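Open the structure in your viewer and keep the selection panel at hand. The tour goes stop by stop.

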Amino acid sequence: MVKRSRDFVFIDDVVEATILGLQNDNANGQVYNVGTGIATDVITVANTLAKYYEREIPIQISGNYRLGDIRHNFADITKIKTELGFEPQCYFEKGIKAFTNWVNDQEIPEDKYEQSIEEMKNKGLYK
């Protein structure tokens, strides 16, 4: 099994980082990574979603991938911490819980997951 990991940053932290950049003239013309700086593997995400949705879902790792995708992608937030004082406040577990609570309150008219996979395959973007 090939694990993939991502940096899951909560929207409130992205907004805070943006505000810090707008308020600091030294940020003009600079580029900053915004994230938590922590890699979370995708299987952990799937298991956590199943837990918070209170569903027993068989998690299948197909080995498929999107062309051009990378295995591990997480932010080095050293620069934004040092220069702007950014510190993420909402880490994965807290953020995913808030997200699933929000999703559970939404009305979802139609599941288009399979349609999205077929569209990527037809465009040669999914192997």
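This is a predicted model.

**Stop one: helix 1.** Select residues 11-23. Helix 1 has 13 residues and reaches 18 Å from its first C-alpha to its last. That is close to the 18 Å expected at 1.5 Å a residue.

Now show side chains. Which residues of helix 1 are buried? They are Asp 13, Ala 17 and Leu 20. These residues cover an arc of only 60° around the axis, so they sit on the same side of helix 1.

**Stop two: helices 2 and 4.** Select residues 42-52 for helix 2 and 92-104 for helix 4. The two pack at an angle of about 50°, and their axes are 10 Å apart. Angles under 35 degrees count as roughly parallel and 65 to 115 as roughly perpendicular; helix 2 and helix 4 are therefore oblique to each other. Their crossing is right-handed.

Show the contact side chains. From helix 2, pick Thr 44, Val 45, Thr 48, Leu 49, Lys 51 and Tyr 52. From helix 4, pick Phe 92, Glu 93, Ile 96, Lys 97, Thr 100 and Asn 104.

**Stop three: Asn 28.** Find Asn 28 in the loop between helix 1 and strand 2 (40-41). Is Asn 28 buried or exposed? Its relative accessible area is 56%, and exposed means over 50%, so Asn 28 is exposed.

Finally, draw a C-alpha to C-alpha distance from Asn 28 to Ser 116: they are 38 Å apart in space and 88 residues apart in sequence.

Definitions and conventions: Residues are numbered from 1 along each chain as its sequence is written. This is a predicted model: local features need pLDDT of at least 70, side-chain atom pairs count only at pLDDT 80 or more; totals for chains, interfaces and linings use all residues. Side-chain values use heavy atoms; hydrogens and water are left out. Helices (H or I, at least four residues) and strands (E, at least two) are DSSP runs, numbered from the N terminus. The expected span of a helix is 1.5 Å times one less than its number of residues. Buried means under 20% relative accessible area, exposed over 50%, partly exposed in between (1.4 Å probe, protein chains only). The arc is that of the directions from the helix axis to the C-beta atoms. Axes are lines fitted to C-alpha atoms, for helices over the stretch in contact, and angles run from 0 to 180 degrees between N-to-C directions. Angles under 35 degrees count as roughly parallel, over 145 as roughly antiparallel, 65 to 115 as roughly perpendicular and the rest as oblique. A crossing is left-handed if the near helix is turned anticlockwise from the far one by less than a right angle, and right-handed if clockwise. Contact means heavy atoms within 4.5 Å.
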